Structure formats: structure tokens, C-alpha cells
Amino acid sequence: QVQLQESGPGLVKPSQTLSLTCTVSGGSISFDLYYWGWIRQPPGKGLEWMGGMTYGGSFFNNPSLKSRTSISWDTSKKQFTLQLTSVTPEDTAVYYCAATRELVVETRDKDDYWGQGTQVTVSS
């Protein structure tokens, strides 16, 4: 079974850069058949797709985040990392990494792989 797991700080100060890493382990997967991305869910709200990239390095982000999102893929470590710059309290959310068949993620799909999520709070 393929597993994805998020890691990173649970608390970030406003104006700083949030960095979260997703580690892929536990099984075999065709990396080039998926988009590798990040989705978040603020308290009491729905899922918000942040961005994703292909195994070949093409990157796409949600324009609503005003280019604050970037993703890097370290194939040797089977890890990809989210960086979200200039965070504010409105960025407080549960953050998920996922391998998905569609780029823009609106719902969870049974054929996709999701991490369990990690809580990130932006506060001074």
C-alpha cells in the first residue's frame, strides 16, 4: 500500500514561510501518472486546492493564493515539499498532500492517495 505522510511545523508566525514535506512510502506507484499536490481545509470550510506538479516538473497553483505556493519534488528521497510564503491567520488549516489523477482537486477520490493531514496554525 502506498502511503503519504505530511511533516512540518504545527505553528507558524505571520509573515513567515510555511514549509511542509510529504513523504511517499510503502508501495509501488507510477509517479508519472499522478499530479502531486497540496490541499487544505480551513476550520469549518471545504477543501481548497493549493497547487500541484507533475513528475516531469510542470507546476500549477491556485490563482487565489496569489503565487504564494510553490512545490518541489525530490525524487531521490520520494518527497515533495510545499512552501507557502507570507502566511496570515487565514492560512490556518489542516494541510493534506495527495497524489491525484486530476490536477485541481475538488473532492476526495478512491483512486487517489492522500496523507492523513497535518494541522497548521498561523499565530504570533
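**View 1. The buried residue E6 has no salt bridge.** E6 is buried but forms no salt bridge, and the nearest side chain of opposite charge, R108, is 7.9 Å away. Here, buried means under 20% relative accessible area, exposed means over 50%, and partly exposed lies in between (1.4 Å probe, protein chains only). A salt bridge is a side-chain nitrogen of Lys or Arg within 4 Å of a carboxyl oxygen of Asp or Glu. For charge, Lys and Arg count as positive and Asp and Glu as negative, while His and the chain ends are not counted. The model is predicted: local features need pLDDT of at least 70, side-chain atom pairs count only at pLDDT 80 or more, and totals for chains, interfaces and linings use all residues. Residues are numbered from 1 along each chain as its sequence is written, and side-chain values use heavy atoms, with hydrogens and water left out.

View 2. E6 belongs to strand β1 (residues 3–7); strands (E, at least two residues) and helices (H or I, at least four) are DSSP runs numbered from the N terminus. A polar atom of the E6 side chain lies 3.0 Å from the backbone nitrogen of C97 and 3.4 Å from the backbone nitrogen of Q116. Leaving aside residues up to four places away in sequence, E6 touches several residues, among them T21, W38, Y95 and G117; contact means heavy atoms within 4.5 Å.

**View 3. R40 pairs with E48 and with D91.** Side chains of opposite charge can pair when their charged atoms come close. The closest N and O atoms are 2.6 Å apart in the salt bridge between E48 and R40, and 2.8 Å apart in the one between R40 and D91. The latter pair links distant parts of the chain, 51 residues apart: R40 is in strand β4 (residues 35–41) and D91 in the loop between β8 (79–84) and β9 (93–100). R40 counts as buried because its relative accessibility is 5%.

**View 4. D91 also meets R68.** A salt bridge joins the side chains of D91 and R68 (3.0 Å, N to O). R68 lies in the loop between β6 (59–61) and β7 (69–74) and D91 in the loop between β8 and β9, so the pair ties together parts 23 residues apart in sequence. D91 is buried, with a relative accessible area of 2%. The whole structure holds three salt bridges, and R40, E48, R68 and D91 are linked in a network of salt bridges.

Notes: Polar contact = N/O pair within 3.5 Å; in protein donor to acceptor, adjacent residues only side chain to side chain.
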